[in-house]
Amino acid sequence: MSELDQLMRIMEISFDPHYREAWTRRQVEDSLLISSTFAMLCDEAAKPTDGGSNAAGFVLARQAADEIELLLIAVDPKHRKKGVGSLLLERFLDVAGEREASKVFLEMRANNPAISVYRAAGFELIGRRANYYRTVTGETIDALTFGRKV
């Protein structure tokens with residue numbers, strides 16, 4: 001199974017369709033055509049995986065100069081509540097440092113339970129966009145922007 005297949009497998013089972021956060025295969029493929037965008041697949045210990053069936057999570061990010069935006073992070077539901085998300089985020093921050101980034105940013109919906117993982121990793125709230133996200137039922141949710149130094 002290719003790395004893209006593994007990433008999409010995790011994407012499809014990790015994001016609740018109600019919030020419309022999952023990207024399509026085409027969106028991921030197109031983003032990866034841009035040299036500043038990169039993906040990381042990791043196993044349950046947050047160690048890089050080559051796209052085999054042992055992928056437990058992924059990160060999709062893009063870099064501009066010395067800043068990296070965390071676009072998506074997901075953990076296979078069967079690996080949740082085991083610290084995999086925290087390990088994956090830690091590995092991503094290590095990679096950001098290796099890529100000579102000085103700052104990392106992310107945006108998320110205000111009611112995302114992963115907020116505690118980001119705060120524990122040192123991310124601080126730096127912005128809010130009112131009514132930015134819209135669910136399949138039309139409910140609007142604020143977007144929160146977080147940042148931290150690498």
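Colleague: Leaving aside its neighbours within four places in sequence, which residues is leucine 125 in contact with?

Modeller: This is a predicted model, in which local features need pLDDT of at least 70 and side-chain atom pairs count only at pLDDT 80 or more, while totals for chains, interfaces and linings use all residues. Residues are numbered from 1 along each chain as its sequence is written, and side-chain values use heavy atoms, with hydrogens and water left out. Leucine 125 is placed in strand E5 (helices, H or I, of at least four residues and strands, E, of at least two are DSSP runs numbered from the N terminus). With neighbours within four places in sequence set aside, and with contact meaning heavy atoms within 4.5 Å, the partners of leucine 125 are Arg119, Leu144, Thr145 and Phe146.

Colleague: With which residue does the side chain of glutamate 21 make a polar contact of 2.7 Å?

Modeller: Glutamate 21 sits in the loop between helix H1 (3-14) and helix H2 (25-32), and its relative accessible area of 16% is why it is classed as buried. Apart from neighbours within four places in sequence, the residues in contact with glutamate 21 are Phe15, Leu72, Arg109 and Asn112. A polar contact is a pair of N or O atoms within 3.5 Å, where within protein one must be able to donate a hydrogen and the other to accept it, and residues adjacent in sequence count only if both atoms are side-chain atoms. The side chain that joins glutamate 21 in this way, at 2.7 Å, belongs to arginine 109.

Colleague: Which element gives the most residues to the lining of the largest pocket?

Modeller: On a 1 Å grid over the protein atoms alone, a pocket is an open set of points where a 1.4 Å probe fits, with protein on both sides within 12 Å along at least five of seven lines, and lining residues have an atom within 4 Å of a point. The largest pocket has 36 lining residues, with Phe15, Ile73, Asn112, Ala114 and Tyr118 nearest its centre. Among the elements that give two or more residues to this lining are helix H3 (84-98), helix H4 (115-120) and strand E3 (67-75), and the element that gives the most, with seven residues, is E3.

Colleague: Is the aromatic pair of tyrosine 118 and phenylalanine 123 stacked or edge-to-face?

Modeller: Rings of Phe, Tyr and Trp (its six-membered ring) pair if their centres lie within 6.5 Å, with planes under 30 degrees apart counted as stacked, over 60 as edge-to-face and the rest as tilted, and by this rule there are two aromatic pairs. Tyrosine 118 and phenylalanine 123 have ring centres 6.0 Å apart and planes at 75°, so this pair is edge-to-face.

Colleague: Is lysine 81, a residue with a positive phi, buried or exposed?

Modeller: Most residues other than glycine have a negative phi. Lysine 81, in the loop between E3 and H3, has a positive phi near 65°. Because its relative accessible area is 86%, lysine 81 is exposed.

Technical notes
Buried < 20%, exposed > 50% of the residue type's maximum accessible area, 1.4 Å probe, protein only.
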